[in-house]
Amino acid sequence: ALLYAQLVMEELNPSNGLIADTLAGPINSFVDYLNGIVDNIWEYDLRVMPCASDAQGLNYRFPLFSQKNDKPRKDIVQGSNGQKEVINQAFIIAAMHYKGFTDWPLLLDEFASTFDPQHQTNAMDFVRSLVDSQRVSQVWFISHYVINHSSFNTAQACVLDKTNIIVPEKYNEHVQLL
């Protein structure tokens with residue numbers, strides 16, 4: 001019985017057993033979709049690479065290739081703040097796609113705040129394309145950066161506190177604050 005239990009444990013090992021073998025393909029497909037989103041926003045080649053393997057098998061670390069570096073970083077956590085931000089948001093959008101969430105709001109809390117102006121513009125253009133193509137039904141966008149929220153000129157704006165921000169010409173027309 002002990003031998004059978006050990007065989008089952010080896011086969012179900014998430015690093016080098018049946019689970020790892022079964023997950024590798026879907027994980028890499030997900031990463032490809034995620035990279036397509038990043039390509040729409042990022043100005044230079046930035047790619048999450050397939051899940052890495054080492055002597056123990058699948059290690060669930062995702063190397064990060066950047067045109068700006070000589071060699072890939074060992075994991076996406078070693079990317080810059082902007083790189084991690086775009087990858088995190090791409091992950092959320094890819095997960096929404098794979099789960100079939102098309103009639104759900106996309107939540108963007110200070111999205112693109114670590115980006116330079118060109119990447120901010122690209123990000124807002126991409127978000128607009130998600131709405132235009134009906135891949136998301138609405139966007140709930142929290143931002144202190146007028147360059148970001150002003151690009152959505154038909155959006156309804158809700159301002160809770162006007163301190164230290166530039167408010168749009170029209171706001172709070174759709175809400176009543178008590």
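## Salt bridges

R47 is partly exposed, at 33% relative accessibility; here buried means under 20% relative accessible area, exposed over 50%, and partly exposed in between, with a 1.4 Å probe and protein chains only. R47 forms a salt bridge with D45, and their closest N and O atoms are 3.3 Å apart. A salt bridge is taken as a side-chain nitrogen of Lys or Arg within 4 Å of a carboxyl oxygen of Asp or Glu. D45 is partly exposed too, with a relative accessible area of 28%. Keep in mind that this is a predicted model, in which local features need pLDDT of at least 70 and side-chain atom pairs count only at pLDDT 80 or more, while totals for chains, interfaces and linings use all residues. Residues are numbered from 1 along each chain as its sequence is written, and side-chain values use heavy atoms, with hydrogens and water left out.

By this rule the count is two salt bridges. R128 and D125 make a salt bridge with closest N and O atoms 3.0 Å apart. Both R128 and D125 sit in helix α4, three residues apart, or about one turn of the helix. An α-helix has 3.6 residues a turn, so residues three or four places apart point the same way. R128 is partly exposed at 26%, and D125 is partly exposed at 39%.

N122 is buried, with a relative accessible area of 11%. Its side chain joins that of E43 through a polar contact of 2.6 Å, that is, a pair of N or O atoms within 3.5 Å; within protein, one must be able to donate a hydrogen and the other to accept it, and residues adjacent in sequence count only if both atoms are side-chain atoms.

Which residues does N122 contact, leaving aside its neighbours within four places in sequence? They are N40, I41 and E43, where contact means heavy atoms within 4.5 Å.

## Helix α2

Helix α2 covers residues 18–41, and its 24 residues reach 36 Å from first C-alpha to last, close to the 34 Å expected at 1.5 Å a residue. That expected span is 1.5 Å times one less than the number of residues. There is a bend of about 35° at A24, with the proline P26 following within four residues; the bend is the angle between axes fitted to the seven residues ending there and the seven starting there.

Among the buried residues of α2 are F30, L34, V38 and I41. The cover over the buried residues of α2 includes β1 (46–48), β3 (57–58), α3 (81–98) and α4 (117–132).

The largest nonpolar core has 34 residues, and V38, I41, W42, V86, F111 and F115 touch the most other members. Such a core is a set of buried Ala, Val, Leu, Ile, Met, Phe, Trp, Tyr and Cys residues joined through side-chain atoms within 4.5 Å. At least two residues of this core come from each of α2, β1, α3, β5 (105–109) and α4, and α2 gives the largest share, eight residues.

V86 is one of the buried residues of α3. Beyond its neighbours within four places in sequence, V86 contacts V38, I41, W42, L46 and F115. The buried residues of α3 pack against α2, β1, β4 (64–66), β5 and α4. Just after α3, G100 takes a positive phi of about 75°.
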